[in-house]
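Colleague: I would like a close look at a single part of this model, the place where the two chains meet, and then at what surrounds it. Please take me through it slowly and say how each term is defined.

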Amino acid sequence: MKNVQKILNAILSKNVFEYLLLDRRYRIVQFSAEIESFLGTEKQIEVGDSIFEFLPELVGSEEKMQKVFDGEKSSFAITTVSKNDRYINLYVDHFDEKNLLILLQDITEITKIRQKALQYSNQTTLLTETLKKIINSQNAMIFLANTENRIEFANQKFLEYFNVDAQEILKKDLELYRKMGPGFQSYEEMHRAISEGMKELNIGEDVFLVEAMHIDPANILFTLSKMTELARQRKELQEEVAYDQLTQVYRKKIFDDKACELLKSDQPFAIAVVDIDNFKQINDRYGHLVGDDVLRSFAKLLRREIDGKGEVARWGGEEFLLLIYTDSEKEAVELCEKIRRTIAEKRFDPVPELTASCGVTMRRGDENLETLLARADKALYRAKGEGKNRVVYIPPVD
Amino acid sequence: MIRKKILLLGDFHVGKTSLIRRYVDNAFSDDYLTTIGVKISKKALTVDAMDYELLIWDIEGATPVKKIPTRYFAGAAGAILVADLTRPETIEGLSEHALRFHAVNPKSVCVRAYNKVDLIPEESRKEIELPPDTFLTSAKDNINVVRLFETLVRRIAS
């Protein structure tokens with residue numbers, strides 16, 4: 001009675017239910033008038049036909065149907081079945097001890113809407129998967145951080161480098177920005193530094209080329225391209241360019257750059273030109289290889305003596321330049337005098353005796369480097385003229 | 001005639017519907033239309049002198065947020081587990097589909113289809129490691145489709 005009521009209710013509520021009644025041998029004993037057009041059957045349904053001929057969806061459900069017959073189970077359903085260009089729900093209900101009721105509900109309209117939503121969702125998932133693959137295939141570390149210091153996404157390279165998994169990184173603020181560069185307080189601060197011109201970032205021993213951009217007001221996309229090896233090679237190259245190969249002191253160009261930097265500021269300093277006395281005779285007597293050894297030892301001595309007080313450069317041949325950070329001409333002259341004495345006392349085997357002359361001057365006012373060098377050179381010339389192995393100071397002209 | 005219910009299981013967009021369409025109607029379309037719910041196709045075939053009618057259940061694929069409903073699995077004699085060769089995660093997902101299928105049908109058998117092999121260059125296909133009863137298939141180029149279904153029927157028969 002309950003089931004008859006169900007049929008009636010369904011029809012009255014216009015839910016488009018069709019129905020079939022089956023016996024225990026799964027033969028059709030009764031059916032609704034529109035069932036054939038509903039199912040789109042080629043053959044006319046007749047009492048006594050097997051239900052599996054018209055509803056193969058029930059093949060495999062014999063055990064369940066038996067339980068419904070026996071009252072062990074009151075009903076079961078096979079939902080969202082595509083059939084005859086429509087979608088149906090198939091309900092198998094207990095009717096009485098001899099019969100099963102099969103109700104067919106048309107759910108085409110709602111299912112087509114669901115299908116559109118599912119199609120859109122699946123296509124979006126596919127697109128997301130593809131984008132992830134593209135991002136993960138990149139050599140750079142890529143991550144998206146929000147303004148609340150949370151990482152919203154990080155690619156595989158990033159996760160591997162920081163040894164975190166994709167879920168862990170989303171959970172909380174791991175403060176990874178503290179490990180980057182000078183130790184930032186937030187990703188926003190890091191972004192600001194990059195916007196203001198920071199191009200490279202150090203993480204431990206590694207160097208990264210870094211880029212950042214707001215992709216929307218709340219999210220910043222960072223790209224970190226590892227360039228540790230490149231940075232090392234660049235440093236080597238810079239050193240090769242900066243240092244004189246034979247003596248390992250600065251080349252004249254670097255000396256000029258450093259002196260010009262000081263000239264731009266108000267910082268006082270002295271310049272000295274140091275020249276080995278009678279160096280040509282050493283080359284002539286002992287050969288150029290010995291001459292080179294002497295230059296190396298001489299430069300080493302200068303480096304040691306000037307250490308922390310200034311810079312040493314080779315001007316050319318046996319002539320060296322000293323940049324002395326001092327505001328006292330007395331201190332500059334004393335340092336040069338000490339260097340001269342140390343040279344005179346040191347043995348430069350196989351040369352029995354070696355001396356050097358030195359011309360010193362102080363920076364004053366807005367003089368340029370050429371003027372300073374010319375004055376120091378003049379002082380050196382005077383030291384040579386006065387018998388060598390001495391320090392001559394020429395003060396700046398007022 | 002022996003009637004058997006078989007299922008095609010796998011993640012969404014791996015080509016389950018296309019494999020059935022190729023096998024049943026010998027047709028193929030590049031258009032992607034997501035399967036929702038289930039659609040049953042019939043196919044009569046003879047394997048080793050035995051006549052069969054296959055009821056092939058094309059079941060909505062699993063998505064990251066929705067697994068395949070096991071209510072469709074009841075009474076299935078076998079399943080074809082389908083993966084997309086261009087999406088490694090769909091191959092990894094096959095084990096879980098197999099587990100869920102066997103939980104409902106412990107005595108049933110499975111074969112696997114690594115589908116869309118037409119998208120893999122010929123020279124790279126040899127390098128693909130294939131577990132037992134796994135076929136490189138293409139619904140588009142009709143590669144191994146009949147063999148796939150017939151192998152499943154043989155496994156069911158044995």
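Modeller: What follows begins at the contact between the chains and then moves into each chain in turn. This is a predicted model, in which local features need pLDDT of at least 70 and side-chain atom pairs count only at pLDDT 80 or more, while totals for chains, interfaces and linings use all residues. Residues are numbered from 1 along each chain as its sequence is written, and chains are lettered from A and ligands numbered from 1 in the order in which they are written.

The contact takes 21 residues from chain A and 19 residues from chain B, where two residues are in contact if their C-beta atoms, placed from the backbone, lie within 7 Å. On the side of chain A that touches chain B, the elements giving two or more residues are helix H4 (62-69), strand E3 (75-83) and helix H5 (108-136) of chain A; helices (H or I, at least four residues) and strands (E, at least two) are DSSP runs, numbered from the N terminus. H5(A) gives the most to this side, with nine residues. By class, the side of chain A that touches chain B has six nonpolar, 10 polar and five charged residues, with Ala, Val, Leu, Ile, Met, Phe, Trp, Tyr, Cys and Pro counted as nonpolar, Asp, Glu, Lys and Arg as charged, and the others, Gly among them, as polar.

Within chain A, A:Val92 has its place in strand E4 (residues 86-94). A:Val92 counts as buried because it has 26 C-beta neighbours inside 10 Å, and the cut-offs are 20 or more other C-beta atoms within 10 Å for buried, 12 or fewer for exposed, and anything in between for partly exposed, with C-beta atoms placed from the backbone. Not counting residues up to four places away in sequence, A:Val92 touches A:Met65, A:Val68, A:Ser75, A:Phe76, A:Leu100 and A:Ile102. The C-alpha atoms of A:Val92 and A:Phe76 are separated by 5.4 Å, although these residues are 16 residues apart along the chain. Over the whole of chain A, buried residues make up 27% of the 398 residues.

Turning to chain B, the largest nonpolar core has 67 residues, of which B:Ile6, B:Leu7, B:Leu8, B:Trp57 and B:Ile80 touch the most other members; such a core is a set of buried Ala, Val, Leu, Ile, Met, Phe, Trp, Tyr and Cys residues joined through C-beta atoms within 7 Å. The largest share of this core, six residues, comes from strand E3 (residues 50-59) of chain B. Leaving aside its neighbours within four places in sequence, B:Leu7 is in contact with B:Trp57, B:Ile59, B:Tyr72, B:Phe73, B:Ala76 and B:Ala79. A second, separate core of 44 residues includes A:Phe298, A:Leu302, A:Val312 and A:Val360.
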